[in-house]
Amino acid sequence: MNFGKLLGTLIVAFIGGWAGIRFRVPAGGMIGSLVAVAIYNYFSQMGYMPANLKIIGQIIIGGTIGMNFTKSSLAEMKQVFFPAVTSVLILLTVGVIAGYILHKVAGIDLITALLGTSPGGLTDMTILAAAFEADTIVVSSIHLVRLFSVILLMPIFVRFISTYVNK
């Protein structure tokens, strides 16, 4: 294990994560560290993260996601079960179709394209991409573009709908 490279990568990750949180970027800790380490590694080729630390990171993220499930949240799921299942089926169908089109048009391998166009979150899909040995850079890049696009465009759509459609 190269402790110097690991320490440099972790310092850059923490600085990027802090900046993402400080500037209120959505999922700022993760996106800030991702962008900072990507830039660091691009220019220095010094980024390093051993596989066992990646697994520890996955465990921490899994635990963090699991913390969202409480007795009250599971009780509320009864009310939203049918709309949620319907939404999931629609999103999965659109994601599979979009992934297949992306695979055929852009020449991206099918697993990478499917994970890139799936309705999951950036962190989750990037972890799945690593588990499936897909191109994590492509998957995370597609989800970053999607995330920023939704965050930039959704307020416009909500304002339009609430002003003109909901009257």
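Me: From which domains does the lining of the largest pocket draw at least three residues each?

Reply: Both domain 1 (1-68) and domain 2 (71-166) supply at least three residues to the lining of the largest pocket, the bounds coming from an automatic or database domain assignment. The model is predicted, so local features need pLDDT of at least 70 and side-chain atom pairs count only at pLDDT 80 or more, while totals for chains, interfaces and linings use all residues. Residues are numbered from 1 along each chain as its sequence is written, and side-chain values use heavy atoms, leaving out hydrogens and water.

Me: How many residues line the largest pocket, and which lie nearest its centre?

Reply: Rolling a probe the size of a water molecule over the atoms shows where empty space is left. Here a pocket is an open set of points, on a 1 Å grid over the protein atoms alone, where a 1.4 Å probe fits, with protein on both sides within 12 Å along at least five of seven lines, and lining residues have an atom within 4 Å of a point. The largest pocket has 37 lining residues, and S33, L34, M49, K54 and T126 are those nearest its centre. By class, 22 residues of this lining are nonpolar, 14 polar and one charged (Asp, Glu, Lys and Arg count as charged; Ala, Val, Leu, Ile, Met, Phe, Trp, Tyr, Cys and Pro as nonpolar; the others, Gly among them, as polar).

Me: Which helix gives the most to that lining?

Reply: The protein has seven helices and zero strands (DSSP runs of H or I, at least four residues, and of E, at least two, numbered from the N terminus). α3 gives the most, with ten residues, and α1 (3-22), α2 (28-44), α3 (51-66), α6 (122-131) and α7 (136-165) each supply at least two.

Me: At what angles do α1 and α2 cross, and α6 and α7 pack?

Reply: The axes of α1 and α2 come within 6 Å and cross at roughly 135°, which makes α1 oblique to α2. α6 and α7 pack at about 165° with their axes 9 Å apart, and α6 is therefore roughly antiparallel to α7. Axes are lines fitted to C-alpha atoms, for helices over the stretch in contact, with angles from 0 to 180 degrees between N-to-C directions; under 35 degrees counts as roughly parallel, over 145 as roughly antiparallel, 65 to 115 as roughly perpendicular and the rest as oblique.
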